[in-house]
Amino acid sequence: MYAATRNSGHVAAAPSPDSVGGEGGPVGTPIAFRGAHQGGIVTPAQDRMHFVALDVVSESAEDLRSMLTAWTRAAERMTYGAEAAPGGAVGLGPYGVPTDTGEALDLPPANLTITIGYGPSLFERFGLAGRKPEALHDLPAFMGDDLDPATCGGDICIQACADDPQVAVHAVRNLIRLGFGVVAVRWSQLGFGRTSSTSVAQKTPRNLFGFKDGTNNVKAEDAEGLAQHVWVAPEDVPGGAAWMAGGSYLVARRIRMHIEVWDRTNLQEQQDIFGRGKLEGEPLGAKKEFDAINFAATRTDGQPAIPMAAHIRLAHADNLNGVRILRRGYNFTDGSDGLGHLNAGLFFVAFMRDAHAQFVPMQRALAAKDVLNEYIEHTGSALFACPPGLADGADWGTQLFG
């Protein structure tokens with residue numbers, strides 16, 4: 001087992017000599033499970049994700065509490081590269097039921113993080129009403145939404161991120177197995193190819209339209225920015241909701257991209273839609289990706305270098321009263337839609353201090369004016385409260401129920 005340091009979501013030290021590194025850290029280096037904040041938020045974004053939303057089907061608060069305690073033990077073991085429970089896939093002998101499904105045997109931890117969150121609906125049951133944070137209520141409808149109820153909401157979410165897809169899937173599968181009879185899968189999403197950088201050490205990746213987006217994302221190294229925009233402050237959650245201090249709110253949006261239509265659009269129009277150059281990712285009118293954005297710059301014909309309806313203009317903090325969020329999205333392809341088109345797009349995941357004060361005004365501005373909407377549609381949506389990290393000896397059940 002590799003050494004790991006106590007974390008605020010950062011990669012632990014001491015890789016093995018034969019481990020192979022990605023931008024999130026060597027694949028053999030575990031990310032510490034316990035710390036001030038959960039892993040998988042400011043952790044350098046891994047390459048793969050398995051996200052699942054679950055409904056609680058048991059009516060017993062004790063069942064839920066016991067499951068969350070068992071999940072804590074299993075999640076901690078798996079993030080360090082161990083099997084989900086003692087005995088594992090083969091250790092209980094030929095007539096014993098395995099305590100681990102086995103598909104991650106021989107695989108390193110692959111920078112696995114497991115992040116848990118709770119939906120608004122959970123607090124309507126189990127005597128939890130007094131512990132519900134005020135900011136945890138459903139997102140409003142947005143112009144242009146085409147939401148499928150089958151891919152919205154949920155009582156609990158699990159986000160497993162890793163640099164090996166099998167490691168991420170294994171983590172979610174085993175937690176669901178442990179929750180049999182208590183929870184049932186509502187919807188899930190596999191993601192590949194991160195679309196955001198959460199550390200200054202990472203390059204900005206590209207979405208399925210071929211563009212860099214989220215260059216000005218809040219980064220793990222920006223402690224002041226995280227405190228202002230990402231972490232829930234004690235004054236945000238008085239009374240019974242105080243357990244959420246140090247946590248963050250997760251917004252998930254499944255965004256279908258109309259790939260075939262985009263692929264027939266000329267380059268200049270594509271660049272005008274995003275407000276960036278396709279090759280370098282530079283703001284139009286500049287030369288490099290991280291050059292300062294000049295919204296007043298004009299072209300030779302006197303028109304704005306960055307069109308007024310460009311995505312970069314509408315989503316920028318300067319035009320949203322300073323609103324920023326931490327993006328952690330992934331690309332997805334889910335086969336075809338049965339009509340000869342790819343069912344592909346962006347699984348948008350973002351963390352923030354208050355979704356209704358940050359994501360809602362941002363999305364309303366984008367929904368009303370962003371020309372990019374001609375090429376995308378939002379088909380899934382959810383909001384979850386992700387609690388802070390766990391201290392030694394603590395578990396998710398005790399944390400939620402107090």
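Tutor: We begin with a cut-off: a residue is called buried when its relative accessible area is under 20%, exposed when it is over 50%, and partly exposed in between. Please bear in mind that this is a predicted model.

Student: Is Arg253 buried or exposed?

Tutor: Arg253 counts as buried, because its relative accessibility is 1%.

Student: What is the general idea behind a salt bridge, and which residue forms one with Arg253?

Tutor: Side chains of opposite charge can pair when their charged atoms come close. Here, Arg253 pairs with Asp145, with 2.9 Å between the closest N and O atoms. Asp145 lies in the loop between β4 and β5 and Arg253 in strand β7 (residues 248-257), so the bridge ties together parts 108 residues apart in sequence. Asp145 itself is partly exposed, at 22%.

Student: Which residue meets Arg254 in a salt bridge?

Tutor: Asp334 does, at 3.0 Å from N to O. This pair links strand β7, which holds Arg254, to strand β9 (residues 330-336), which holds Asp334, 80 residues apart. Arg254 is buried at 12% relative accessibility, whereas Asp334 is partly exposed at 34%.

Student: Which residues are linked in a network of salt bridges?

Tutor: Glu59, Arg125 and Asp155 are linked in this way. Within it, the side chains of Glu59 and Arg125 meet at 3.3 Å, N to O. Glu59 is exposed at 67%, while Arg125 is partly exposed at 23%.

Student: How many salt bridges and how many disulfides are there?

Tutor: The counts are 14 salt bridges and 0 disulfides. For Cys152, the nearest cysteine sulfur, that of Cys157, is 14 Å away.

Note on methods
Residues are numbered from 1 along each chain as its sequence is written. This is a predicted model: local features need pLDDT of at least 70, side-chain atom pairs count only at pLDDT 80 or more; totals for chains, interfaces and linings use all residues. Side-chain values use heavy atoms; hydrogens and water are left out. A disulfide is a pair of cysteine sulfur atoms within 2.5 Å. A salt bridge is a side-chain nitrogen of Lys or Arg within 4 Å of a carboxyl oxygen of Asp or Glu. Buried means under 20% relative accessible area, exposed over 50%, partly exposed in between (1.4 Å probe, protein chains only). Helices (H or I, at least four residues) and strands (E, at least two) are DSSP runs, numbered from the N terminus.
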